[in-house]
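Me: I have not looked at this one before. Can you take me through parts of it?

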Amino acid sequence: MKTFEELGVAPQIRRAIEEMGYENPMPVQEEVIPYLLAETSDVIALAQTGTGKTAAFGLPVLQKIDTKENVPQALILCPTRELCLQIAGDLADYSKYIDNLRVLPVYGGSSIESQIKALKRGVQIIVATPGRLIDLINRKTVHLDNIRYVVLDEADEMLNMGFTDSIDEILSKVPDTRTMLLFSATMPKEIAKITRKYMDSPKEITIGRKNEGSNNVKHVYYLVHARDKYLALKRIADYYPNIYGIIFCRTRRETQEIADKLIQDGYSADSLHGDLSQQQRDYVMQKFRIKNIQLLVATDVAARGLDVDSLTHVINYGLPDDIESYTHRSGRTGRAGKTGISIGIIHVKEKGKVREIEKIINKKFEIGEIPSGDDICEKQLFNFVDRLEKVKVNEDEIGRLLPAVYRKLDWLEKEDIIKRAVSLEFNRLIDYYRDAAEIESPSERYSSRDDSSYPRRKDRDRQGGNPRQAERGYVRLFINIGRTDNTNPATLMGLVNDYVPGKVAIGRIDIMQNFSFFEVPERDANKVIKGMSNQDNNGRRISIEIAQGGSGGGGSRSRDSRPGSSSRGGSYNRDSRPGGGPRSGGYKGEGGAKKGHRKGGKRS
Ligand code: AMP
């Protein structure tokens, strides 16, 4: 590995970057810097954000500026105002020890007059979003005749945002002799077109493989019914108590809805989308940057300006229509040497997209299993213990109150105090998950071969002898036909139709390998059993009975029946495992969970 000095970076720039903690060049810098300093040719660099690309183009461009000439010599185009400000800020930091070097960010959404004034005073580097720059060109307040370097940063994003014509127009005003650099995370056809049109036998540099997502990112998808998407999201958020992530939604409306629900359910969340004013967006982004909120629900476009290196998760609330966007979304985590998880909460129809994305990122998705209530409680519990161990104690302020507190708790043993502290924090979470139905994976109901690898937690649980309770007012029936008999929910409902007189509402259906369960209203149970018993199903005699523990009991579901319930001294109450705790204020319930969990359909 070479040093910045060996790459040819000037001493005053090295001094500034050393102060910023840059010890050695990152790969993209090692490739691009000597090339640009030698002014050999144009460069196309395929690099994701977070790879150090700003310094890769920034350092050589700064070094090449003639500070005696007070005219624009370098133009950096980027898609958003936030990126514009960030690049300009980085360049200002790098050039701290270069006298008379002026960088101006030019972007929409702020006073054009002050930008015009600054341009009149003279600048050498303009960092601009395309729209505002065109505005200034049209007002004849910016002149590009002396530009020697043009950088297109996040070129694919600029094209996605519809800036193709603006870029064309801007580049037509720049002298042909300029050196051009194009940075892009992906290489769609449109970029290839631009490079052919404007670049002169460019050198192509790829950091990582082409179109490949970061190696630090694990990709996981959870397959759920569309109606369970929100519940799945909540469980995932609950399972990672220290989550710091962006939840990408497709539309502004969905973004707002999901954020509203999360806030209502007590999560530390907010929304970011185009219906908000610039001021509101700035405010939300700032809150997220300083980790005042853990979950940011955003549209692709609105999140573009946000640059945060430490995201633990990116959650795709459904996969993006344009699968290239997945690369951008997932590339927001696993940065700066950290690992990250990119999650897709998807329904069956999106599985085709998973395969397409796998080709692009050159990596396989893992198939996730929605965490069970028990898993979540346990995870939260240990997180709470961890926080309890690490909490900062303000001896001075709290000290004077402690003797009275000690006196009051004097009658309790240490173990009792721990149990109570944990219960205080946890009872709500435990109560909530005790009553929450597990989220069913579509693969359990539809025996698609493709889904055979999906972990079937509930199958295991049931076969392991923990019978599922029927929904309130329903009875769970066992029937001796399953996947091996080509049974699926539709054929099962067909059999009920054929053999049982009158209307029967069918609730949850679980098709297993050799048998199945389905729920019917209590009042219809005998009718269904009578009608179907001993009937023929493709040569096999039907045997049907009430499943073990199968009655919903009109709301009398016993708390004790759930494994891990506190009244049975389950996993949360074991003295050997104290602790845990939800994020402050969380867990107001799964909202429509119970309603949403009524499975199957009405037959007519
Ligand atoms: P970028 O891809 O330009 O957004 O850079 C990603 C992050 O890496 C930023 O926080 C930079 O400040 C940081 N960075 C860039 N180059 C180096 C380097 N050579 N050493 C350490 N950090 C760097």
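Reply: First a term: helices are DSSP runs of H or I with at least four residues, numbered from the N terminus. One thing to keep in mind is that this is a predicted model.

Me: OK. Which helix is Glu157 in?

Reply: Glu157 sits in helix α8, which covers residues 155-160.

Me: Is Glu157 buried or exposed?

Reply: Glu157 is buried, because its relative accessible area is 5% and buried means under 20%.

Me: What does Glu157 touch, leaving out residues up to four places away in sequence?

Reply: Glu157 touches Pro79, Arg304 and His328.

Me: Now Asp321. Where is that?

Reply: Asp321 lies in the loop that runs between β12 (313-317) and α15 (324-330).

Me: And is Asp321 buried or exposed?

Reply: Asp321 has a relative accessible area of 58%, and exposed means over 50%, so Asp321 counts as exposed.

Me: Which residues is Asp321 in contact with, apart from neighbours within four places in sequence?

Reply: Those are Arg250 and Lys353. With Arg250 there is a polar contact between the two side chains, at 3.1 Å.

Me: How far is Asp321 from Glu350?

Reply: Their C-alpha atoms are separated by 9.9 Å, and the two residues are 29 residues apart along the chain.

Me: Switching to sheets. In what order do the 7 strands of the open sheet come?

Reply: The order is β3-β4-β2-β5-β6-β1-β7, with parallel pairing. At the edges are β3 (103-106) and β7 (203-206), each of which pairs on one side only. From one strand to the next, the twist averages 15°.

Me: Pick a pair. How many bridges are there between β2 and β4?

Reply: There are 4 bridges between β2 (residues 74-77) and β4 (residues 125-128), in the parallel sense.

Me: Which strands does helix α4 touch?

Reply: Helix α4 (residues 53-64) packs on the sheet and touches β2, β4, β5 (149-152) and β6 (179-184). The direction of α4 makes about 165° with that of β6.

Me: What about β9, which way do its residues point?

Reply: Strand β9 covers residues 245-248. Gly245 and Ile247 point one way, Ile246 and Phe248 point the other way, and all are buried. In a regular strand the side chains alternate between the two faces of the sheet.

Me: What does β9 pair with?

Reply: β9 is joined to β11 (residues 295-298) by 4 bridges, and the two run parallel. β9 also pairs with β12 in the parallel sense, over 4 bridges. On the β11 side, Phe248 has Ala298 as its bridge partner. On the β12 side, Gly245 stands opposite His313.

Me: Last topic, the ligand. Which residues are around it?

Reply: The residues around the ligand are Phe4, Tyr22, Asn24, Pro25, Met26, Gln29, Gly50, Thr51, Gly52, Lys53, Thr54 and Asp309.

Me: How far are the polar atoms of Tyr22, Gly52 and Lys53 from oxygen atoms of the ligand?

Reply: For Tyr22, a polar side-chain atom lies 2.5 Å from a ligand oxygen atom. For Gly52, a polar backbone atom is 2.8 Å from an oxygen atom of the ligand. For Lys53, a polar backbone atom is 3.3 Å from an oxygen atom of the ligand.

Me: How much of the ligand does the protein bury?

Reply: The ligand taken alone exposes 490 Å², and the protein buries 78% of that.

Technical notes:
Residues numbered from 1 in each chain as written. Predicted model: local features only at pLDDT ≥ 70, side-chain atom pairs only at ≥ 80, totals over all residues. Heavy atoms only, no water. Buried < 20%, exposed > 50% of the residue type's maximum accessible area, 1.4 Å probe, protein only. Contact = heavy atoms within 4.5 Å. Polar contact = N/O pair within 3.5 Å; in protein donor to acceptor, adjacent residues only side chain to side chain. Pairing = 2+ DSSP bridges. Axes fitted to C-alpha atoms, helices over the stretch in contact; angles between N-to-C directions. Near = heavy atom within 4 Å. Areas by Shrake-Rupley, 256 points an atom, 1.4 Å probe, with all protein chains shown as cover.
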